[in-house]
Structure formats: structure tokens, C-alpha cells
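Please find below a colleague's note on the structure shown here. It is set out as numbered points.

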Amino acid sequence: TAVHGITDKDVQGKPDAAIACWQAEHIASLAHPDVLVTYNGRLFDVPIISRLSGGSYLSSLPHIDVLDMAYRYLPTLENHKLGTIYKHLIGQDARNAHNALADVHYTLDIMEALRKQAKLTVKQLLEEMSTPKPYTIMPISKHKGKLLSDIPVSFAKWLLNQNEGKPMRADLKLSMEMVIANA
């Protein structure tokens, strides 16, 4: 409630998480989208939806995670919250942040602004984001804003060890492997 403003009353009588996730999978399968576009969906939403729904339709779609784009194209931004990125790129406040439909619009607006900035078609963007690339500047962690070459090997090893066997952002994993390899 403190973060999203959703109260117990708001969800009273609504489907539980497993049913809502199954509905998301089902609606997507009926819509036959060419590309799934999410904000932090690759590591958060899609795995949860797939696990709770027993489905795999969403996880089988070509996927652009706009948070991955923001880390890649805007590494020095003060933070990578949806509202911060929206304000930076669009020049307006994300007034209804955490409202599902508003967040969808913000995510698509951000993707489109970054796509135009990179001068790529959606198809090219999908290909670009499907290919891991090392960061030049670290976009997260206590080393945020540092050149990759300035990241301590001990931190790279620690981070990879912490995430062993867990999903990790492909660009981040490649970056930490490069820090170690170049030591």
C-alpha cells in the first residue's frame, strides 16, 4: 500500500495471483503479439507469471525489457525508476506511476524515445537488446557511474558468485566476466 497505493479493499473480490497470471498468459496467447515489451519483466514479471500460471507463452515471445535498455543507454541517470526515466526522456512527470495501464504507456513511451535515440527500428532494437553487450559505465551498484575498467575484480567475482544459478541481466553478467578476464 505504501508503494503502490493499492489497499486490501482494492483487491477484494479480485482473482488471486495465480488466476491473474493465467489470465495474462491467456490474453497474450489470444493477441499473438510479435514482441513482448516490459519494464523489468525479464527477471521479475515474466518468471512469476510463468510460474504461477503454469504457462510459458509469455516467456517464449521475443522480449524487449525497457529497464535493460535504460541501463545500456542511460547508465549515468540518477536512478532507473520508471518515473525518473520518463521525466528524463519525455520531460513530464509520470503522474500515475504504479497504475498498471499508465505504466504500460510510460514503458512504451520510454522504449520509443530510446529506440529513436539509438536510431533503430523495432526489429533492429529487438536484435540489439537480444545480444548481450558489456557496459562501458556501470549503471547500478555501489560502483554506479564508474568505467567498467575501474570496477574491482573482487566486486565482479562477488557479484557473479552471489547470482550463481540465478537469472542475471545478460549485459551485467558479461560486464563482470569481462572485468575478471581483463584483470
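The points below take up helix packing, salt bridges, individual residues and backbone geometry in turn.

1. The structure is a predicted model. The remarks that follow should be read with that in mind.

2. Packing of α2 on α3. Helix α2, residues 17-31, packs against helix α3, residues 41-53, at an angle of about 105 degrees. The axes of the two helices are 8 Å apart. Since angles of 65 to 115 degrees count as roughly perpendicular, α2 and α3 are therefore roughly perpendicular to each other.

3. Residues in that contact. On the α2 side the contact is made by Ala17, Ala18, Cys21, Trp22, Ala24 and Glu25. On the α3 side Ile48, Ile49, Ser50, Leu52 and Ser53 take part. By class, the residues of the contact of α2 with α3 divide into eight nonpolar, two polar and one charged.

4. Trp22. This residue of helix α2 is one of those in the contact with α3. Is Trp22 buried, exposed or partly exposed? With a relative accessibility of 46%, Trp22 counts as partly exposed. The C-alpha atom of Trp22 is separated by 31 Å from that of Arg115, and the two residues are 93 residues apart along the chain.

5. Salt bridges of Arg72. The count of salt bridges in the model comes to eight. Which residue forms a salt bridge with Glu128? The partner of Glu128 is Arg72, with the closest N and O atoms 3.2 Å apart. This pair links distant parts of the chain, since Glu128 lies in helix α8 (residues 122-130) and Arg72 in helix α5 (residues 66-73), 56 residues apart. Arg72 is buried, and its relative accessible area is 14%.

6. Asp171 is buried, at a relative accessible area of 7%.

7. Glu112 and Arg115 form a salt bridge through their side chains, at 2.5 Å from N to O. Both residues lie in helix α7 (residues 100-118), three residues apart, or about one turn of the helix. In an α-helix there are 3.6 residues a turn, so residues three or four places apart point the same way. Glu112 is partly exposed, with a relative accessible area of 28%, whereas Arg115 is buried, with a value of 16%.

8. A salt-bridge network. Which residues are linked in a network of salt bridges? The network links Arg42, Asp65, Asp68 and Arg169.

9. Thr107. Helix α7 also holds Thr107. Thr107 is buried, with a relative accessible area of 6%. Apart from neighbours within four places in sequence, Thr107 is in contact with Val37, Thr38, Tyr39, Val66 and Leu82.

10. The buried face of α9. In helix α9, residues 153-162, the buried residues include Phe155, Ala156, Leu159 and Leu160. Viewed down the axis of α9, the buried residues fall within an arc of 130 degrees, so they line one face of the helix. Helix α10 is included in what covers the buried residues of α9.

11. Positive phi at Asn40. Most residues other than glycine have a negative phi. Phi of Asn40 is near 70 degrees, a positive value in a residue other than glycine. Asn40 is placed in the loop between β1 (36-38) and α3. Its relative accessible area of 24% makes Asn40 partly exposed.

12. Positive phi at Ser141. Where does Ser141 lie? Ser141 is found in the loop between α8 and α9. Phi of Ser141 is near 80 degrees, which is again a positive value in a residue other than glycine. Ser141 is partly exposed, with a relative accessible area of 34%.

Key
Residues are numbered from 1 along each chain as its sequence is written. Side-chain values use heavy atoms; hydrogens and water are left out. Axes are lines fitted to C-alpha atoms, for helices over the stretch in contact, and angles run from 0 to 180 degrees between N-to-C directions. Helices (H or I, at least four residues) and strands (E, at least two) are DSSP runs, numbered from the N terminus. Angles under 35 degrees count as roughly parallel, over 145 as roughly antiparallel, 65 to 115 as roughly perpendicular and the rest as oblique. Contact means heavy atoms within 4.5 Å. Ala, Val, Leu, Ile, Met, Phe, Trp, Tyr, Cys and Pro count as nonpolar, Asp, Glu, Lys and Arg as charged, and the others, Gly among them, as polar. A salt bridge is a side-chain nitrogen of Lys or Arg within 4 Å of a carboxyl oxygen of Asp or Glu. Buried means under 20% relative accessible area, exposed over 50%, partly exposed in between (1.4 Å probe, protein chains only). The arc is that of the directions from the helix axis to the C-beta atoms.
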